[in-house]
Every structure is written in structure tokens, then in C-alpha cells.
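These are my notebook entries on a structure that was new to me. I set down what I looked up, in the order in which I looked it up.

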There are 2 protein chains.
Amino acid sequence: MSTDLPHTSGAPTLEDVARVAGVSRATVSRVINGIRNVAPDIQEAVHRAIETTGYVPNRAARSLVTRRTGAVALVVSGAGDAKGGEPFESRVFADPFFGRVAGGVVGYLRPRGIHPVLMLADSAQTRDDVVSYLRQGSADGALVVSTHAEDPLPKLLVDAGLPAVLWARPARPIPISYVDLAHRAGAALAADRLVARGCRRVATISGPFDVPAAQDRLSGFQEAMAGHGHPYVPAVEGDFMPASGEAGMHRLMKEHPDIDGVFVANDLMAQGALLALRDLGRRVPEDVAVIGFDDSAAVTCRPPLTTVRQPMEDMAAEMARLLLAHVADPDLQVTSVIVRPTLVVRQSA
Amino acid sequence: MSTDLPHTSGAPTLEDVARVAGVSRATVSRVINGIRNVAPDIQEAVHRAIETTGYVPNRAARSLVTRRTGAVALVVSGAGDAKGGEPFESRVFADPFFGRVAGGVVGYLRPRGIHPVLMLADSAQTRDDVVSYLRQGSADGALVVSTHAEDPLPKLLVDAGLPAVLWARPARPIPISYVDLAHRAGAALAADRLVARGCRRVATISGPFDVPAAQDRLSGFQEAMAGHGHPYVPAVEGDFMPASGEAGMHRLMKEHPDIDGVFVANDLMAQGALLALRDLGRRVPEDVAVIGFDDSAAVTCRPPLTTVRQPMEDMAAEMARLLLAHVADPDLQVTSVIVRPTLVVRQSA
DNA sequence: GACAAACCGGAGAGCGCTCTCCACTTCGTG
DNA sequence: CACGAAGTGGAGAGCGCTCTCCGGTTTGTC
């Protein structure tokens, strides 16, 4: 019969399905959303009608009434103008760190039928864009990874009453949920290992002092070394990039030629440090033991890097879980999840 | 006056703005969307009303009527079960290749106020999810990066009449727009360089034979070498990962100890090849010259890698541009954009 | 000064969906 | 056998926005 066809061109609507199934729109909606009891034979008829019409619910119409989108923003926030050269987006996404976080988020969200929207916030303008984006109901909440400590975005989100979860504790305390690593404990793991190996002259290459994680790793390491009877640990500051690890290692060896153990605040810099050590003719781990942090680039190093593993995928998944909880229950209390790192022993220490 | 306040709790709507500005909904809509002429003083009044109410248009309501979402899907498609071990999302996003593509896409899309939705398609189920996602109007089109040659997703998209643009030419010709690199020309650049340096015994480490780009790089290189009077070029197959480059290099040197130049089909494998060469005590470039491809990991190599640069960010931006054109005009003809690579000379050759 | 042409702003009809009533069955129970 | 409780499905009111008509007001032109 001709009335079985959609009445207008374009995608079939609920109305079309209802007509084909011989029921009302409301019933079809119930079947689709699994609400209340609908007699089995009618459910069956509706499913058949959906099948034959090729119906797919319209997301915009649905979220107009439910006030939910089934999307979350994954925003990378930082200072775009910090260093010249490449644009922010190139630097950010090229970092394996981001990739692993994205992987963890997607791994958790995908089975739940929700997808992350990639956003970058590197200026006042783009930060406002993120807030607007959420306010217009384009996403239900935000997962925020800040590259800079003083990032104002988290506060903007809190002030706007938008659900959000942060990667890492914010520099300035604000009422927002976050997931972080026990950096100090991780650094202590490295210190223990170095001492256990018999290293006597230990140094460290830290991350930028203005990022809390870098501070924690540094002070955690120094403290643990102090506990092992080494009150003074030479330290140089890097920027988490390989080149700074290389330069830092050179400086360290020049100033303290007898160093026999180094804790480097992330794997990327450790990679550079390894290069420097090789150039200087020092064997790793025989002459100098090296421990990295993150377990991000460890296997591609020569020798394979002993490192403090940060389970980024798990942490990212945890962020997603927390965010969905906040979205489901706006009154949910702010919480923090601190994950414990583990030491992965390979060959460099 | 009390009527200036939104009549209900929740976000202000067009209606609220209209009331405050003393005009109709339609006029506010016109001002916001910049359609037709609205008297300057009224525009002014509307803007003020928007300001005071803190109005933000509701995306769902808007796209319900415009049938546009202002979002595109960025889908990474491939075979998830190919190799055991880590889940697909971890492998994919950890690859700097993906990061650069994402960066290019975001760089182009962001100034236009549109954001990519990250999706993964690694099974029949998830491929259907992508199609459904687009069909329900959650995104206006798809940017597809396939990791596998026989990926069925592009065809599904074409069959569903959904706007989509591919990264790289599909293995099987289908009517879909794509952006690709002139791989053969790039390989020829490498051949020319090696020959110009005086290399006499040249070999190559190729990518997997089932990916078209790898084939093109291999045959393009062989052909160019033939043109230089070298009809036979020893070749081993890798999988684009560092370890396979290292293994390949060892095999090559064992079978042909007099090799003095190698073209490696991507930088990641070249990185591994460099490691192998160092282990074998060969100096680069004095004993063996090495040229990579992509310019992705080149600067972190020792020595810095001479490589064929693939401008991924530009290509990704071009994909985005093409997709938006297809979205704006559904009848737009299918096109392909082939980008020319350049040789970046560093120290390895 | 009259008439058309341009301009401006309002009314109102949906876009496709969810969800709250309500009416109608069908049971179980005293 | 009557009566309320539970279960089942329909009607209809919006969600917030865009956009087509249309009527009213200016402006230009002979």
C-alpha cells in the first residue's frame, strides 16, 4: 500500500514508523527507549517497521527535548602563544601524551555510544568558545587537559556550572573533579630503584617548575633521596621535550662528572638524556643508570628505558567515567581520583 | 521590570531576548544570523538584549530546522583485530601520524567554528555506528583515515550518500573525494638524492605490500633507480613500525654487506634502521646513507634524518576544506587532491 | 502628488522527538 | 459480581529555533 512509504522525501521519522507499525508515535518512542511495558507483539511490529523504513532517530530533535546530547568535549587547554614556531594544534596533537589520553577516553566512551568532540583552547577567545559550546548544549560536559598550570578554563567552567573533569590537580584549588597521579610516590619509586642499584651520585632533570606535576616529581624525588641519606641532589630544569633532556644531561655531566644515576621527569627528556650519555661515551646502565617517567617512549629508547609508569589510558577512562557521573547527577559531589604509578624495569636502570 | 527576566528557569531563549529587546523572535534570529537588513538601532537593541540576558542559541533547536550540525566526524578506520595486544584506540592515537592529521584538521576547522568528533571504526558494528551517527544528523560529514587498504567504510559512506573525504586513494576505486601524496614522486626524490651522493649499492625497506602508499613508494623508488641505471634494488618488507625497520636493516646488511644507501619507507622504520646500523658499526652517512619518508620522527633521530616530507597538516586541512565544500554543495563533483612532497636534507644522506 | 519598488519586522507554521496526562482494558479480590 | 489496581496505548503539548509569507512603512520616480 502506498501509505507505507514516508509521506515526504528525506529520512523517515517516528511518524512514518508509527504509521507502518499501525501504532502511535508515542508507542514507537517507548519501544526505542525501552520505557514502560509495551506488549511483545507490538514491540515486534515496531521493530519490523523500523527495519523496513530504515529509521534512525534524529539526534537534534531528541536532544532538544531531553537536554542531553550524548557528546562530551575533550579539550586541550593551554597557552598557544607560549613558544613561537608551530601552531598550538600541531604541538599538542603530535605529543604522544595526548594520543594516549584520547585513546583512553575513546576506549571508555565508545562502548557507551558517546563520542568526544575535539577542542583546543589556547586564548581567551577560544576558551569562551568552549564555554559557549557547552552552554549551547552541543556537549554535556568537558574533559579538560591543561598544558599550563595557570589555565583559566577550569574556573570558567566551574563558574558557568558546567560539568567538567580535569586531568591533574589545578594549580589553584577550585571545586572541580580531577584525576591525577601520585607523582611524589612515583618519584620515590625511582629514587628507591637508583639507590638499590647502588648509585651514589644521583641527579635529576625536572620538568618546568610552573607545572605542578613537575614540582611534585622533583620534590618527591629529592625527599625520597634525602630519606636514603642523600640530602643534595643536583637538578636542572627541562621543558619535557627531548632536546631539553639532552641539553640538561650535558650540563649535568659537565658540572658533576661523577654522576652514576639520573632520574628524568619524563620519557621524552630521558630519550634526549640517553643520546647525550651516548655522545659522552657513558654506558647505560653500567656507568650511569637512567630512569624516566610516564612509560610513553620507553621502548623505543636505546637501551630500553626503566621508567615510572603512568597509566594514562586508565586515568583518561576514569576521567570519562567521572564526567558521565557528573552529567547524570549534577549534584554529585566533587571528587578526585589519585592513581598510583608503578615502576617498569627495563634495561636503563 | 520583572518581565525582563526569563519567564522560566533555565537558559534564556530567543523569546526572552525578543521580549527584552521589544521585538519579535524572528528579528532576533535575523540579527544573530545576519540575514536581511535590520535597522541599525534595532540591531543595537537586540545585541544589548543578548548581552543582558546572556543568551546563547540552542544548537539542537537550530540544527533541527537547518539540518546542519556544524560538526564533522573524524574517523580512524581499520582492522582492530589485526594484531593482538593493545586495543585499537591505543595503537591509533599513539601514532604521531594521527596526531598530525588531527592537528591539521583542527587547525582548519577551528577558525570556522566547527569541531571534529573523534570516532573509531574497527569492526562491522562500529562502522555501522559511524554511518548511523551521520544519518541521525550528529555530524554533517566524515573525514576518514583508513589504516587498512581494504577498509569497507568508504563504500558504506558512499552508498549512504553521506559526505565524506578520504585520506589517501582507496585500494578499490570508488566515487569519493580524497587527498593523497605523490608517493612515487617522493620516492624518486630519495632515489635522486642517493644517486647524487654517489651511492652505488642501494636498497630499500618498504611498508606493508597491502597498503597502496607503500606499494607506490616502493615501485616509485625502484623505477627511479632503474632510470639511474640500477635495475635491481634489494628490498625487504616492514610494517611501518620501528622494530621492523631495525630487523629489516639487519637482514639487508647480512644479505648485502656492501650496501651504501637505503631508502626507508617511513621515518619510524628509519629510526629503527639507524639503530641497527649503529649496532653494526656503520657510520651514517659516511658508510651508509639513509633517507626516510614522512618527516615525522626525523629530528629526534641520530643523526637527524634526511627525509621526504609529507605535509600532513596541509593535507589534513585540505581534507577538511573539501569536506566542507561537499557539505555545502551535495552535488559537488568528486575530486582528488594530490600533494607534492619535498626532500628535507639533514645529516643522514 | 500618486504609484510602484524597496525595505523592514511580525505572525505562525513547523523541524522530529519525548513525556505527561488520560482513557481504556484486563485482572485480582472481597 | 462489582470495584479498584495495574497495565497498555493514544492524544497532544511543547522543546527553541528558522524561515516563509505578508502587511506596513519608507523611499524613489515620473
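The entries below go from domains to the relation of the chains, and then to helices and sheets.

**Entry 1: domains.** I noted at the outset that this is a predicted model. I looked up the domain assignment of chain A, which gives domain 1 (2–57), domain 2 (71–181 + 313–341) and domain 3 (183–309). I then looked up how domain 1 and domain 3 of chain A are placed, and found 63 Å between their centres, taken over C-alpha atoms.

**Entry 2: relation of the chains.** I asked which rotation superposes chain B on chain A. The rotation is 180 degrees, with 0.1 Å of shift along its axis, and the RMSD is 0.1 Å. That is the relation of a two-fold axis. I also looked up the interface: 97% of the interface residues of chain B are also interface residues in chain A, so the copies meet through the same surface.

**Entry 3: the H4 pair.** I turned to helix H4 (residues 59–66) of chain A and helix H4 (residues 59–66) of chain B, whose axes come within 8 Å and cross at roughly 150 degrees. The crossing of H4(A) with H4(B) is left-handed. I listed the residues that meet: A:Ala60, A:Ala61, A:Ser63 and A:Leu64 on H4(A), with B:Ala60, B:Ala61, B:Ser63 and B:Leu64 on H4(B).

Entry 4: I followed strand S10 (residues 306–309) of chain A to S12(A): the two run antiparallel and are joined by three bridges. Within S12(A), A:Leu343 stands opposite A:Val308.

**Entry 5: a pairing in chain B.** I asked in which sense strand S6 (residues 202–206) of chain B and S7(B) pair. They pair in the parallel sense, over three bridges. The bridge partner of B:Thr204 in S7(B) is B:Ala235.

Methods
Residues are numbered from 1 along each chain as its sequence is written. Chains are lettered from A and ligands numbered from 1 in the order in which they are written. This is a predicted model: local features need pLDDT of at least 70, side-chain atom pairs count only at pLDDT 80 or more; totals for chains, interfaces and linings use all residues. Side-chain values use heavy atoms; hydrogens and water are left out. Domain bounds come from an automatic or database domain assignment. Two strands pair if DSSP finds at least two bridges between them. Helices (H or I, at least four residues) and strands (E, at least two) are DSSP runs, numbered from the N terminus. Copies are superposed by least squares on the C-alpha atoms of residues with pLDDT of at least 70 in both. Contact means heavy atoms within 4.5 Å. Axes are lines fitted to C-alpha atoms, for helices over the stretch in contact, and angles run from 0 to 180 degrees between N-to-C directions. A crossing is left-handed if the near helix is turned anticlockwise from the far one by less than a right angle, and right-handed if clockwise.
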